[in-house]
Amino acid sequence: MLNATIRNRINVVENVADNVADNVADSLNLSSTEQAILNHLELSPELSAKKLASLLHKTSRTIQRNINSLKEKGVLKREGSDRSGRWIVLKQRR
């Protein structure tokens, strides 16, 4: 039951948040991993890098490197502490 719930949530994240990541990706040339991170964080801003790594089947280091890249590009920022904070996906202005 838990695995089905996780699969359903992943499908919802991929389907609902695609437009946000695609709009940002068009103007910033984001990698597929960066786009996937944005998809997940748009709907679940409390996700940790470790949880993202598990969801995306990547290493924690790969996720952290991509998060750093998104921060440098001005697409993502962290609000609050490491433990209880959340990610904010910034909207790209055209």
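**Fold and packing**

Guide: The protein chain has 5 helices and 2 strands, where helices (H or I, at least four residues) and strands (E, at least two) are DSSP runs numbered from the N terminus. This is a predicted model, in which local features need pLDDT of at least 70 and side-chain atom pairs count only at pLDDT 80 or more, while totals for chains, interfaces and linings use all residues. Residues are numbered from 1 along each chain as its sequence is written, and side-chain values use heavy atoms, with hydrogens and water left out.

Visitor: What pattern does the protein chain follow along the sequence?

Guide: Reading along, you get α-α-α-α-α-β-β.

Visitor: And how much of the protein chain is buried?

Guide: Buried residues are 38% of the 94 in the protein chain. Buried means under 20% relative accessible area, exposed over 50%, and partly exposed in between (1.4 Å probe, protein chains only).

Visitor: OK, helices. At what angle do H4 and H5 cross?

Guide: Helix H4 (residues 49-56) and helix H5 (residues 60-72) cross at roughly 110 degrees, and their axes come within 8 Å. Axes here are lines fitted to C-alpha atoms, for helices over the stretch in contact, with angles running from 0 to 180 degrees between N-to-C directions. H4 and H5 are therefore roughly perpendicular to each other; under 35 degrees counts as roughly parallel, over 145 as roughly antiparallel, 65 to 115 as roughly perpendicular and the rest as oblique.

Visitor: Which residues make that contact?

Guide: H4 brings Ala-49, Lys-50, Leu-52, Ala-53 and Leu-56, and H5 brings Ser-60, Ile-63, Gln-64 and Ile-67. Contact means heavy atoms within 4.5 Å. By class, the contact of H4 with H5 has 6 nonpolar, 2 polar and 1 charged. Ala, Val, Leu, Ile, Met, Phe, Trp, Tyr, Cys and Pro count as nonpolar, Asp, Glu, Lys and Arg as charged, and the others, Gly among them, as polar.

Visitor: How does H3 sit against H4?

Guide: Helix H3 (residues 32-43) packs on H4 at about 115 degrees, with the axes 11 Å apart. From H3, Ala-36, Ile-37, His-40 and Leu-41 meet Leu-52, Leu-55 and Leu-56 of H4. That contact of H3 with H4 splits into 6 nonpolar, 1 polar and no charged.

Visitor: What about H3 with H5?

Guide: Their axes come within 10 Å and cross at roughly 85 degrees, so H3 and H5 are roughly perpendicular too. Thr-33, Glu-34, Ile-37 and Leu-38 of H3 meet Ile-63, Asn-66, Ile-67, Ser-69 and Leu-70 of H5. The classes in the contact of H3 with H5 are 5 nonpolar, 3 polar and 1 charged.

Visitor: Switching to the core: which residues touch the most other members?

Guide: In the largest nonpolar core, with 19 residues, those are Ile-37, Leu-41, Ile-63, Ile-67 and Leu-76. Such a core is a set of buried Ala, Val, Leu, Ile, Met, Phe, Trp, Tyr and Cys residues joined through side-chain atoms within 4.5 Å. H3, H4, H5 and strand E2 (86-89) each give two or more residues to this core, and the largest share, 5 residues, comes from H4.

Visitor: What is Leu-76 in contact with?

Guide: Leaving aside neighbours within four places in sequence, Leu-76 is in contact with Leu-38, Leu-41, Ile-67, Leu-70, Lys-71, Trp-87, Ile-88, Val-89 and Leu-90.
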